Amino acid sequence: MFWWQTQAGDGLRVAFTNTEAGNLALHVGDDPDQVLVRRAALEKAMGVAPKSLRFMNQVHSADVALAGSGQAPAAVPTADAMVSLDGSAPLAVMVADCVPVVLIGQRPDGGVVTAVAHAGRKGLLDGVLANTVERMRSAGAAGVTAWIGPAVCGQCYEVPGAMLEEAAAIIPEVRSRTSWGTPALDLPSGAAAQLAALDVKVTRVSGCTLESADLYSHRRSSSAGRFAGLVWRV
């Protein structure tokens, strides 16, 4: 069910699911009832309350939403990052090639601020990660740590040459070539560079979504499901 997971201190855990957890998205043409069954199974494996895991309606924006405490609200926010000001809300970000980022920051009062972000090409270039870190710090977070999960790698994410030049003009670290020699984008490296420039400690989790059958990839199959990056308190 989990591709990778770790204890992050203060009773917090960070994880990324794999295809054993099944598709967790409601927007890819899957049976909604089955998706909800899988989400419930994931919550049980995480040890969190039923229907407490927060999801977003992700639209490749740079917008950041706040997750309140308590049970998940009926309305799902339309955003590509979500912040829990006290770390009490279990958070999920769904991807299938884009970069999933999980963040934790320490507050001066001993509490934590947690966040997840969906960094696709557009969102990364538009500043979704900078906006997320700014929102965390405005809530008092310091010493922010980020985990960059599995995504399509820089040797597989082929793009037109003009798109590469446009992106590299904003984030030089995204510049790459495919293993077959054509222009490519390395979004995980771009995300890592942006976060490092924001004085965020970065851990990168290995795995290319296009190359691994245990991860979902939209590039490999347009009908692919979505796996999730997660942060929660045990």
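Modeller: Gladly, and keep in mind that this is a predicted model. Let's start with strand 6 and strand 8 (residues 142-148), which pair in the antiparallel sense over five bridges.

Colleague: What makes strand 6 and strand 8 count as paired?

Modeller: Two strands pair if there are at least two bridges between them. Strand 6 and strand 8 have five bridges, so they count as paired.

Colleague: How many bridges join strand 6 to strand 7?

Modeller: Eight bridges join strand 6 to strand 7 (residues 112-119), and the two run antiparallel. Here Val102 stands opposite Val116 in strand 7. Strand 6 and strand 7 form a hairpin with five residues between them, and Gly110 in the turn has a positive phi of about 95 degrees.

Colleague: Is strand 6 mostly covered or mostly open?

Modeller: Strand 6 (residues 99-106) is mostly covered, with seven of its eight residues buried. Helix 5 (residues 187-197) is mostly covered too, with nine of its eleven residues buried. Among the buried residues of helix 5 are Leu187, Pro188, Gln194 and Leu195. Just after helix 5, Asp199 takes a positive phi of about 65 degrees.

Colleague: Now the open sheet: in what order do its strands come?

Modeller: Four strands form it, in the order 1-2-12-5, with antiparallel pairing.

Colleague: Why are strand 1 and strand 5 called edge strands?

Modeller: Strand 1 (2-7) and strand 5 (91-95) each pair on one side only. From one strand to the next, the twist averages 10 degrees. Strand 1 is joined to strand 2 (residues 12-17) by five bridges, and the bridge partner of Thr6 in strand 2 is Val14.

Colleague: How many aromatic pairs are there?

Modeller: The count comes to two aromatic pairs. In one of them, the ring centres of Phe2 and Trp232 lie 6.3 Å apart and the planes are at 15 degrees.

Colleague: Why is the pair of Phe2 and Trp232 called stacked?

Modeller: Centres within 6.5 Å make a pair, and planes under 30 degrees apart count as stacked. With 6.3 Å and 15 degrees, Phe2 and Trp232 meet both limits, so the pair is stacked. Phe2 lies in strand 1 and Trp232 in strand 12 (residues 227-233), so the pair ties together parts that are 230 residues apart in sequence.

Colleague: Why does Phe2 count as partly exposed, and why does Trp232 count as buried?

Modeller: Buried means under 20% relative accessible area, exposed means over 50%, and partly exposed is in between. Phe2 has 21%, so Phe2 is partly exposed. Trp232 has 3%, so Trp232 is buried.

Colleague: What about the pair of Trp4 and Phe16?

Modeller: The ring centres of Trp4 and Phe16 are 6.2 Å apart and their planes are at 40 degrees. Trp4 sits in strand 1 and Phe16 in strand 2, twelve residues apart. With a relative accessible area of 28%, Trp4 is partly exposed, whereas Phe16, at 0%, is buried.

Colleague: Last one: which residues lie nearest the centre of the largest pocket?

Modeller: His27, Gln58, His60, His118 and Arg226 do, out of 24 lining residues. The lining divides into twelve nonpolar, seven polar and five charged residues, and about 550 Å³ of space lies in the pocket.

Note on methods: Residues numbered from 1 in each chain as written. Predicted model: local features only at pLDDT ≥ 70, side-chain atom pairs only at ≥ 80, totals over all residues. Heavy atoms only, no water. 1 Å grid on protein atoms, 1.4 Å probe; cavity = no way out; pocket = protein on both sides within 12 Å on 5 of 7 lines; lining within 4 Å. Points joined across faces, edges and corners; volume = space filled by probe spheres on them. Nonpolar A, V, L, I, M, F, W, Y, C, P; charged D, E, K, R; others polar. Axes fitted to C-alpha atoms, helices over the stretch in contact; angles between N-to-C directions. Buried < 20%, exposed > 50% of the residue type's maximum accessible area, 1.4 Å probe, protein only. Phe/Tyr/Trp six-rings, centres within 6.5 Å; stacked < 30°, edge-to-face > 60°.
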